[in-house]
Each structure stands twice: as structure tokens, then as C-alpha cells.
Amino acid sequence: MAKVLIVEDDKLLSQAYFLILKNEGHDVRVAENGKEALDLVAEDEPQVILLDLLMPEMGGLEFLQKYEQPKKHPKTTVVILSNLGDEKEIQKGLDLGAYKYIVKAQATPIQLSVLVNNLINKNIEKKQPVSKT
Amino acid sequence: MKHPHVLHRHHETPSQLEQQRAESDALFASIGEGAIVTDASGKISRINQAALDLLGFREKELLGEWFPGIIVAYNEDGEPLEALDRPIVRVFMEGKPITRKMFYTTKSHRQFAVLVTVSPVFLNGHPIGAIEVFRDISLEQEIDRMKSEFISIASHQLRTPLTAIQTYAHLLASGFKGALSKDQHEFMDIILGSVDRMNDIITTLLDVSRIEAGKLSVEHTRTNVTQLCKTIVQELRQGADEKKITMVFDAPNTPLYSVTDSLLLAESYANLISNAIKYTSELGHITISLDVQDEGILFCVKDTGLGVPKALQDQIFTKFFRAPNVVKRDTTGTGLGLYMVKQIADTLGGKVWFTSREGRGSSFYFWSPKRPPKNV
């Protein structure tokens, strides 16, 4: 079991991710935007953050800037949940410390839970450059 | 003199000649679009009111002036057009009408978009000048830009609910809410297959609107083109296998490298190969090859498919164009794939072309330079 934070403004999607990860036995919390996410991480440090980019109030990139991962939170792994066509934003997110990104429309729930499990079970010893796929 | 009335028509009296001249002047002046006539050396000999209004000149300021000299033109990238590239000059070399979009500059140095058609004027088989008709297309261009923006916004908005449909359908399909029967699985596969197709359409629409808005980012990296092509062939092989099509990649012996945008190149190759698969019947053949040619890499995909009807061959790279022989078979395409490939070829400083015989098959070629040209 691990602590996972979902940051996603689309309630239907965050609910689906919540169900999938909860089913895997994780302790899952949901924030609707970057601001809520900052409040939640201050209370309790998650191991994995699934982060949407385009959100009202505070988007994913601003969250990453304020969160200052990996400098301040080396044990947390951030995965960007992106949409097709966001290449430039994604690159900025990776530059700000996100470990990798997944394209929402291309990832099945199973792939998502496998990814989270892998991130938790395996030690991410070295951050590898992530290819654009 | 059996037909004096016929002869009479060639011997008009001076007053009749004047009348005819006045009529032809009135006709010319009334043309609703800008019209300029030049002599064989490109000097302006006639100009109508619409042209004067659009360009902001007075008639006496333009008559007798060398057209490319006095009316400055720019191409769609905002670079000044050399006299040799101006339709009014080219038309004498090509001897046939030329139509193109460009920008004209008014007397007060304001630029505006125009669509120009220039035709050579012949008398007794000799060119004696040219006539140019042009109109202001700023409004059309603005509407086109708004349309691209609309497509982009609409696609973004469609994607969000589509992702929810897809995610929940996957949840059901994976037995998250209980095991499905065989029939239910089949239906879920149909739903997910359709969602995939819709995602592809949205991606293409977004790509098109980005390329039209000039937002397509190009990143040149050293790319192993042989490997890139091999990967695409592997990814698309399943589609060919399902139709029992023999698909062969005739890979060069040594890897070919190129400094290019690997994503855009991959998109073009994938597009051309999947078209070949889509439009080739069962048991057909597809051959893919890569060669070095003219400081670049020539990709070729040859199929035994439907082919492109001869009469429609010059329209195939046009946006939303789909040939009737293709629509009959498959109603799902967007008509944007080859348009995208053409746009990418232009962006990379390359070329795309094809040869085809209807019912026999097609060969599509995509040539891209080994190093990016300076202005790309």
C-alpha cells in the first residue's frame, strides 16, 4: 500500500483513477487543482502524484514550481497526466522534475495501476530521460 | 464581294471604332475585381478603378510604370517576392495562366492578402502582354484562421469526455465491476475501437490546426531513419497481417542517418504506410524502401491497392479530399492524412509525390533532406 495523490479537475476521470488505485489497495487522495494539492502534500507526503496540467486556479506547472520536487521532495515521484497536443507543456513539466508523463487518452486503467505499482515497488535509482511517445 | 455585310464588319467607320473602344473601356473599368494590363515588357498599360482603390494609387501614378517595380509583393512568409517569382513575369516564361496567393502593398505601405490570376495575352500567336485580375482575400483568410481555431477548441473540448468514456469502458472491460460474457466483451471491443478511432481523428484535427497556425514545433535531432522506419513497420504489421497482405521492408544494408524532426518524419511514414494497408485488398503486396538520393533520404511505399483515379491525382494532397473509389470502400477517413504529410514535407524542407494507376496500385515517395535547410 502506498500513498497516491491524484490532481485532476475532471471529476469523472479522477473518480475513475481513484477507483482503480483504491482497488489496488493504495491510500488515495484527490485534489481538484494545484492549490488543493499543495495543501494536501503539506499535511501528508504522497509517494506518487498523478498530475494533470490544465486546471483552474492553479495548473500543474505552477504546482511543480511551488512544490520544488525533486529538491525538496526526493521520495515523491510525479507523473504528468497529459492530453495529446500538450508537448511543450509536458516538456516544461519534465524539466521541473516530473519523472514521466502518460497521455490520458492512450493509457488504460490497467496500465495506470501497473505504472503506479512499479513506481512504488521499484526503487527509481536513476531518472532516465523519457522518450516522447 | 458576295457578302458585303460580312466585310463591312471589318471596315468600321471612325465613329463606330470610337464607340467600340468606349464600350471596351467601360467593360474593363466595370470589372468588380482589380484588373491590370501590362505590355510584353511588364509596363502597366491599363488599370481599372477597383485595382486603384485596392492599391491606393491614382491612375497616372501607375500607367507606364514597370508593374513589379511599383507594386511591391510579398510571399505568404512575408518575404519580398523577386521579380522573377512574380506571376506577371513568370506568365511570359510559362505561357499559361498562373494563380497564387500573395501580399500586395498599398501606396501607404499597408500589406493585404490577394489572390492573383495572371494570363498572357496573345495576338496572332505572339505574346503582347498580360492581364492580371486580383482581389483582396483578407476576410477569407481571417475566416480560415477562425475556422482553424474553432477546430482546435472543439477538438480539445471533445477529448475530455472521450477520455472519460474510454477510461470507464476500460474499467468495465477489465472486469472491474464483474466478469463480462463473450458477447459483452465483443461490444466493449467495439466501443473501445470506436473511441480509439475518434481519438485518432481528434489528433489529426489538432495537428492540422496547429500546422496551419504555424505552431508546429520542429526539433531537429540526429535520427537513425532506418531504425525509425523499421519500428513503424513493426507497429503497423498487425494491420497488414489481418488482411493477409505481404508487407516487406527493404531495409538498406547500413543505417541511414538524418538530422530531422523524428516525430514529424515518423508521422509521415506511418501515414503513408497505413494508407497503403488501408487501400490494399486482401493478399496484396506492400514494399517499403529507403534510399539515399540528392543529399537526402527517399522513402518509398509501393502497394498493389486501389490506386488514385488519374483525373483526381492533382487533388490528393488537398485538405479533406477523399477520392470516390476510396469513399465507397471506407467511409471513416478524414481526408486529412495526406494533407498533413504534405504540410510536414514542406515544414522539413522535403517533398512528397506519387505515381499511381487506378486498380493497379500506387507508389508514394517522401524525400527529406539529410540536414535541415537554413530557413526551416
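## Cavities in the model

On a 1 Å grid laid over the protein atoms alone, a cavity is a set of points where a 1.4 Å probe fits but cannot get out, and a residue counts as lining if it has an atom within 4 Å of a point. Grid points are joined across faces, edges and corners, and a volume is the space filled by probe spheres set on the points. The structure is a predicted model, in which local features need pLDDT of at least 70 and side-chain atom pairs count only at pLDDT 80 or more, while totals for chains, interfaces and linings use all residues. Residues are numbered from 1 along each chain as its sequence is written, chains are lettered from A in the order in which they are written, and side-chain values use heavy atoms, with hydrogens and water left out.

With a threshold of 30 Å³ or more, the count comes to 2 cavities, and the largest cavity has a volume of about 50 Å³. Its lining consists of A:Tyr17, A:Leu81, A:Ile102, A:Lys104, A:Ala107, A:Thr108, A:Pro109 and A:Leu112, together with B:Thr167. Sorted by class (Ala, Val, Leu, Ile, Met, Phe, Trp, Tyr, Cys and Pro are nonpolar, Asp, Glu, Lys and Arg charged, and the others, Gly among them, polar), this lining has 6 nonpolar, 2 polar and 1 charged residues.

The second largest cavity holds about 30 Å³ of space and is lined by B:His220, B:Val259, B:Thr260, B:Leu348, B:Ser368, B:Pro369 and B:Pro372. Two or more of these residues come from each of strand S9 (257–260) and strand S13 (361–369) of chain B; by class, the lining has 4 nonpolar, 3 polar and no charged residues.

## Chain A: overall make-up

Helices (H or I, at least four residues) and strands (E, at least two) are DSSP runs numbered from the N terminus. Chain A has 5 helices and 5 strands, and along the sequence these follow the pattern β-α-β-α-β-α-β-α-β-α. Of the 133 residues in chain A, 51% are buried, where buried means under 20% relative accessible area with a 1.4 Å probe and protein chains only. Where contact means heavy atoms within 4.5 Å, residues 24 or more positions apart account for 61% of the contacts in chain A with a separation of 6 or more. By the Shrake-Rupley method with a 1.4 Å probe, chain A exposes about 6900 Å², of which carbon and sulfur atoms supply 49%.

Strand S4 (residues 77–82) of chain A is mostly covered, with 6 of its 6 residues buried. On one side lie A:Thr77, A:Val79 and A:Leu81, and on the other A:Val78, A:Ile80 and A:Ser82, so that both faces are covered. Strands pair if DSSP finds at least two bridges between them, and 5 bridges join S4(A) to strand S3 (residues 48–52) of chain A in a parallel arrangement, in which A:Leu50 stands opposite A:Val79. A:Leu81 is also among the residues that line the largest cavity.

A:Ala2 lies in the segment before strand S1 (3–7) of chain A and is buried, with a relative accessible area of 2%. Not counting residues up to four places away in sequence, A:Ala2 touches A:His26, A:Asp27, A:Gln47 and A:Ile120. A:Ala2 and A:Val116 are 114 residues apart in sequence, yet their C-alpha atoms are 9.3 Å apart in space.

## Chain B: overall make-up

Chain B has 12 helices and 13 strands, and 40% of its 376 residues count as buried. Residues 24 or more positions apart account for 58% of the contacts in chain B with a separation of 6 or more. The accessible surface of chain B comes to about 21300 Å², and 55% of that surface belongs to carbon and sulfur atoms.

## Chain B: an open sheet

In chain B, 6 strands form an open sheet in the order S2-S1-S6-S5-S4-S3, with antiparallel pairing. Strand S2 (44–47) and strand S3 (73–74) of chain B each have a single partner strand and stand at the edges, so one side of each is left without a neighbour in the sheet.

Strand S1 (residues 34–39) of chain B is joined by 6 bridges to strand S6 (residues 126–136) of chain B, and B:Asp39 stands opposite B:Gly129 in S6(B). S4(B) is in turn joined by 8 bridges to strand S5 (residues 111–123) of chain B, where B:Ala113 is the bridge partner of B:Phe103. S4(B) and S5(B) form a hairpin with 5 residues between them, and B:His109 in the turn has a positive phi of about 65°.

Note on methods
1 Å grid on protein atoms, 1.4 Å probe; cavity = no way out; pocket = protein on both sides within 12 Å on 5 of 7 lines; lining within 4 Å. Buried < 20%, exposed > 50% of the residue type's maximum accessible area, 1.4 Å probe, protein only.
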